[in-house]
Amino acid sequence: MSQQKTVSHIDNLPSTPGKFKPDKSPPYIHRLRVHSAISRLTLWSSLFLIFIICFFFFSPPSSSASPRRALGGDSWGGHNWEKKVSRSAQTRSGLTVLVTGAAGFVGTHVSIALKRRGDGILGLDNFNDYYDPQLKRARRKLLDRAGVFVVEGDINDSELLRKLFDVVAFTHVMHLAAQAGVRYAMQNPGSYVHSNIAGFVSLLEACKSATPQPAIVWASSSSVYGLNSKIPFSEKDRTDQPASLYAATKKAGEEIAHTYNHIYGLSITGLRFFTVYGPWGRPDMAYFFFTKDILKRRAITIYEAPDHGTIARDFTYIDDIVKGCLGALDTAKKSTGSGGKKKRAAQLRIFNLGNTSPVPVSELVSILEKLLKVKAKKKVLPMPRNGDVKFTHANISLAHKEFGYRPTTNLDTGLKKFVSWYQDYYSGSKKRVARAFSNI
Ligand SMILES: NC(=O)c1ccc[n+]([C@@H]2O[C@H](COP(=O)([O-])OP(=O)(O)OC[C@H]3O[C@@H](n4cnc5c(N)ncnc54)[C@H](O)[C@@H]3O)[C@@H](O)[C@H]2O)c1
């Protein structure tokens with residue numbers, strides 16, 4: 001096909017930018033052009049104005065009937081969605097709890113325990129891929145069966161949070177959503193700021209403005225003790241020497257909690273968990289990936305302290321942590337603010353939830369070897385400076401005094417339950433996978 005030269009207004013433009021061709025037309029033609037340009041401008045402006053007015057008057061209102069796209073998640077909103085939210089939050093006990101991080105390890109166990117005793121529960125999780133999202137989806141299946149609906153969305157999505165508080169009058173928020181893991185902070189520091197700081201503030205903002213204001217129980221971490229060497233770790237000990245960005249964001253969370261309690265009268269309880277483990281656990285934690293590697297006959301790395309000292313952790317079984325979370329929820333007093341204003345002083349607490357008996361990592365490996373009936377190939381290396389601390393050891397007398405917290409599962413018993421779940425869940429046999437789903 002021959003290319004015909006089309007004549008258009010483009011041809012009237014100066015061929016070289018910057019070069020200007022003077023207009024040689026007579027002055028009356030010039031006036032006429034200006035006049036017609038003004039009337040064209042007036043016509044287009046009027047049309048534009050009419051368009052804007054029509055848009056505002058005739059566009060559908062942002063009603064609950066139209067689903068929205070969530071920040072980092074599914075779409076939300078609409079009649080069916082609201083029905084699911086309300087049904088999940090129906091309570092027999094009087095407690096209605098929003099559980100953030102519900103598809104996470106602790107969130108799943110806590111949500112199911114609360115639902116079983118008759119509380120209304122709604123989950124929220126962004127299903128991020130920090131670790132295998134398939135595992136989070138499988139936990140969601142468990143929650144679904146228990147009658148807990150998990151909204152897929154981010155705690156930074158303030159519009160979504162506002163909507164959730166519009167649909168449900170939550171009495172409590174169990175805030176477990178966070179970017180967990182100590183070492184990953186060196187790869188992706190922004191994710192810690194996003195979830196543990198910005199996300200926490202966004203959630204507290206929603207709680208502060210809600211009517212009624214809910215009481216908040218949230219997960220801090222034993223990592224706030226950082227380089228503290230006074231043992232066992234007590235809530236009164238110093239927490240100003242974090243060894244990782246993760247720890248620093250949890251410590252920041254504790255300070256932010258103080259501010260929202262002080263200004264807005266939010267009742268806030270922080271729980272410092274100590275190395276939680278158990279069925280449906282987290283693949284990024286040592287007990288989990290040691291199990292995987294030992295079974296695959298792959299070498300595992302065990303770190304030792306600079307002076308050939310042992311690294312030890314106060315491993316705490318998930319069922320004990322769940323009891324601690326429920327105890328904290330049940331003893332949380334009401335928030336005292338309304339309309340974003342504090343009426344009087346509100347409760348502000350912080351508790352250690354640990355097991356009170358640190359176990360060297362080498363012993364954890366021995367127990368796993370026994371349970372898996374496989375000898376581990378071990379590589380012992382000096383501990384790199386990547387955020388880990390040498391040991392953790394909880395003093396739990398405060399939680400015991402306040403809500404009778406008393407852990408009852410030792411590491412042998414807890415790991416036995418974990419290994420049995422792990423072998424079922426990853427067995428590839430339908431029957432055994434079904435058993436993994438039923439044992440919770
Ligand atoms: N497991 C432990 O040993 C341990 C120890 C100390 C503290 N904690 C804290 O306990 C809480 C629960 O930990 P876990 O072990 O269940 O971790 P997890 O990673 O299994 O659960 C956290 C969940 O939060 C979700 N999430 C993360 N950022 C989010 C966001 N911005 N919006 C919505 N959802 C988001 C994740 O998808 C995940 O499902 C966390 O706050 C963690 O920091 C855990």
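**From an exposed loop to the ligand shell**

Pro384 is exposed, since it has 10 other C-beta atoms within 10 Å; here a residue is called buried if 20 or more other C-beta atoms lie within 10 Å of its own, exposed if 12 or fewer, and partly exposed in between, with C-beta atoms placed from the backbone. The model is a predicted one, in which local features need pLDDT of at least 70 and side-chain atom pairs count only at pLDDT 80 or more, whereas totals for chains, interfaces and linings use all residues. Residues are numbered from 1 along each chain as its sequence is written.

Pro384 lies in the loop between strand 17 (378-382) and helix 11 (397-403), where helices (H or I, at least four residues) and strands (E, at least two) are DSSP runs numbered from the N terminus. Computed along the sequence, Pro384 and Tyr303 are 81 residues apart, while their C-alpha atoms are 8.1 Å apart in space.

Another loop residue, Val168, sits between helix 5 (158-167) and strand 6, and it counts as buried because 22 C-beta neighbours fall inside 10 Å. Leaving aside residues up to four places away in sequence, Val168 touches Val85, Ser86, Ala89, Thr96 and Leu122, a contact being a pair of C-beta atoms, placed from the backbone, within 7 Å.

Leu122 leads on to the largest nonpolar core, which has 98 residues and in which Leu122, Met174, Val217, Cys325 and Leu353 have the most contacts; such a core is a set of buried Ala, Val, Leu, Ile, Met, Phe, Trp, Tyr and Cys residues joined through C-beta atoms within 7 Å. Helix 7 (residues 245-264) gives the largest share of this core, seven residues. Met174 touches Val97, Val99, Val110, Val217, Cys325 and Leu329, again without residues up to four places away in sequence.

An open sheet of seven strands has the order 5-4-3-6-7-8-15 with parallel pairing, two strands being paired if DSSP finds at least two bridges between them. Strand 5 (149-152) and strand 15 (348-353) stand at the edges with a single partner strand each, so one side of each is left without a neighbour in the sheet. Within the sheet, four bridges join strand 6 (residues 172-175) to strand 7, the two running parallel, and His172 stands opposite Ala215 in strand 7.

Around the ligand there are 27 residues, the closest being Gly101, Gly104, Phe105, Ala178 and Ala219, where near means a C-beta atom, placed from the backbone, within 6 Å. Helix 3 (105-116), helix 6 (189-209) and strand 7 (215-221) each give two or more residues to this shell.

Methods
Two residues are in contact if their C-beta atoms, placed from the backbone, lie within 7 Å.
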